[in-house]
Amino acid sequence: MNISKEAKIYIAGHRGLAGGAIWRKLESSGYQNLIGRTSKELDLTDRDRTFQFISEELPDVIVDAAARVGGIQANNSFPAEFLSENLQIQTNLMDAANKYEVDKLLFLGSSCIYPKFAMQPIKEDSLLTGALEPTNDAYAIAKIAGIMQVQASRRQYGRHWISAMPTNLYGPGDNFHPEHSHVLPALMRRIHEAKINNLPEVVIWGSGTPRREFLYVDDLADACIFLLNHYDSPDTINVGVGSDVSISELAKLIADVVGYEGLLSQDLSKPDGTPQKLLDVSRINSLGWEARTSLDDGIDKTYRWFLENEANVRNK
Ligand SMILES: NC(=O)c1ccc[n+]([C@@H]2O[C@H](COP(=O)([O-])OP(=O)(O)OC[C@H]3O[C@@H](n4cnc5c(N)ncnc54)[C@H](OP(=O)(O)O)[C@@H]3O)[C@@H](O)[C@H]2O)c1
């Protein structure tokens, strides 16, 4: 079942947070035949161009890490685009992969596919057992359709396709927009700027009480390669660390790493989202994989990367 080091692997979204880390990890693990295209070079919402690309390249393996991704604010403001673009990207890619008989594919979903009030920690089989969190339901429905397409392609065409559901990711290459990015990089950016500008206070959105789990993106990349080599099942599989922190605790950890000594306060007019999101990672742990990077270490590495790349970090 192991992927040969010569296999041609197409990483869709290879410049993104997840795709970039997966590319680096594949490269450092000796996979020599990697291909990637930016969204400018190949817009995966363009069905004809996607089919043409797959027919020309005929990859052995596809990792689908391409998506329109954003934090609570972006998801809440642009649900139509989050639904439509993600459905188009994944459907075009998987339809082309079926037409040109790509045997292995890994589809990356997200923990937001699970019901808002799923029992914690969230097991894979809680999928479709309750209503979704409304602030990201459009995105979640697109991702659930992706899982179904993986399962249907296995059933109908016998493909060895799999899907994995990572928890919140962070690390080098993240989007650091102070409002439109995810909570960890957004907080890092805002706390860093407060320190630089000697601001007395940083306002944290919401009550600070929701609990979230954060996976360092290099660990996600390691898990993806592990799963491509060791997992072959229609059932989706969670990828996380198995522990969570409150947003207030997270802000404090970031402030410690950044060296910010001002006040961290709450803006209760901003939505909290799901009260807790912690994945049950016993399925992937039982296969022999677990996350290695602690949250302190990961935040430290991410902040160093941010400082070294501040002029060029993604910021949209
Ligand atoms: N970030 C998280 O916390 C998180 C958590 C769980 C799951 N995930 C999943 O991981 C996957 C990747 O997320 P990410 O955080 O790495 O996102 P990201 O950093 O925003 O990267 C997304 C990538 O998708 C590409 N892309 C977007 N639209 C495209 C299009 N129309 N055509 C071709 N490529 C397109 C972008 O390419 P260009 O750079 O060339 O424009 C970008 O490289 C997603 O499926 C997401 O659901 C992410």
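The shell around the ligand divides into 13 nonpolar, ten polar and four charged residues; here Ala, Val, Leu, Ile, Met, Phe, Trp, Tyr, Cys and Pro count as nonpolar, Asp, Glu, Lys and Arg as charged, and the others, Gly among them, as polar. The model is predicted: local features need pLDDT of at least 70, side-chain atom pairs count only at pLDDT 80 or more, and totals for chains, interfaces and linings use all residues. Residues are numbered from 1 along each chain as its sequence is written, and side-chain values use heavy atoms, with hydrogens and water left out.

**Ligand surroundings**

- The ligand is surrounded by 27 residues, each with a heavy atom within 4 Å of it; the closest are A18, S39, Y139, K143 and R314.
- A polar backbone atom of A18 is 2.7 Å from an oxygen atom of the ligand, and a polar backbone atom of L44 is 2.9 Å from a nitrogen atom of the ligand.
- Of the accessible area of 900 Å² that the ligand has on its own, the protein covers 89% (Shrake-Rupley method, 1.4 Å probe).

**Helix α6**

- Helix α6 covers residues 183-196, helices being DSSP runs (H or I) of at least four residues and strands runs (E) of at least two.
- Just after α6, N198 takes a positive phi of about 55°.

Definitions and conventions
A polar contact is a pair of N or O atoms within 3.5 Å; within protein, one must be able to donate a hydrogen and the other to accept it, and residues adjacent in sequence count only if both atoms are side-chain atoms. The expected span of a helix is 1.5 Å times one less than its number of residues.
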